[in-house]
Structure formats: C-alpha cells, structure tokens
Amino acid sequence: MFDRITFDKKIMGGRACIRGMRISVSLIVSLIAHGMSEPKILLEYPDLEPEDIHQALKYAAWLTEEEVHEFAFA
C-alpha cells in the first residue's frame, strides 16, 4: 500500500521518510501546504519521483482518517 514510505530509527529518528532517504513525508506535505508545486519540489529535491510525492500525500490522508462514534448516554 505504501511501498515508498519507510521507517528506520537511524534515519530522521524513525520518522516516515521516502525510500530510506532523509526526506520526510512531513516535509513533502508541508511544502505542498505552503504552496510549492510538484514540479518545483521535484526540481529542489532531484532524488524524488512524482510517485513519492503522491504516496506521501496518500499516506498523510490515511493517517488523518477518523471515525466518529456516537455514544448513548442514559
């Protein structure tokens, strides 16, 4: 499902990164949130591939999925 997202305690303290590189998912999401385009990110980080960015966003979206549970109070 997320074959490009890696976790290694020796890299970025175990944070979610792209393919074992020192490029975290949170960095990619932050860059996009602050208005940087995908082509600009790829230019600034030449080791990234378009699918790395797409998967980082999909992973971030997956992390934020939540379910609302209603509780009945007597």
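**Exercises on a predicted model**

The side chains of R4 and D52 form a salt bridge in this predicted model, 2.6 Å from N to O.

**Exercise 1.** Which parts of the chain does the R4–D52 pair tie together?

Solution. R4 lies in the segment before β1 and D52 in helix α3, so the bridge ties together parts 48 residues apart in sequence. Step two: check burial. Both R4 and D52 are buried; R4 has 18% relative accessibility, and the cut-off for buried is under 20%. Step three: look for a further partner of R4. Its side chain also meets that of E49 in a salt bridge of 3.0 Å, N to O. E49 sits in the loop between α2 (38–44) and α3, 45 residues from R4. At 36% relative accessibility, E49 is partly exposed.

**Exercise 2.** Where do K40 and E44 lie, and how many residues apart are they?

Solution. Both are in helix α2, 4 residues apart, about one turn of the helix. K40 is partly exposed at 36%, and E44 is partly exposed at 43%. Elsewhere, salt bridges with shared partners join R4, R19, E49 and D52 into one network.

**Exercise 3.** Is S24 buried or exposed?

Solution. Step one: locate S24, which is in the loop between β2 (17–18) and α1 (25–33). Step two: read its relative accessibility, 4%, so S24 counts as buried. Step three: list its polar partners. The S24 side chain makes a polar contact of 3.0 Å with the side chain of S26, and a polar atom of the S24 side chain lies 3.1 Å from the backbone nitrogen of L27.

How values were computed: Residues numbered from 1 in each chain as written. Predicted model: local features only at pLDDT ≥ 70, side-chain atom pairs only at ≥ 80, totals over all residues. Heavy atoms only, no water. Helix = DSSP H or I, 4+ residues; strand = E, 2+ residues; numbered from the N terminus. Buried < 20%, exposed > 50% of the residue type's maximum accessible area, 1.4 Å probe, protein only. Polar contact = N/O pair within 3.5 Å; in protein donor to acceptor, adjacent residues only side chain to side chain. Salt bridge = Lys/Arg side-chain N within 4 Å of Asp/Glu carboxyl O.
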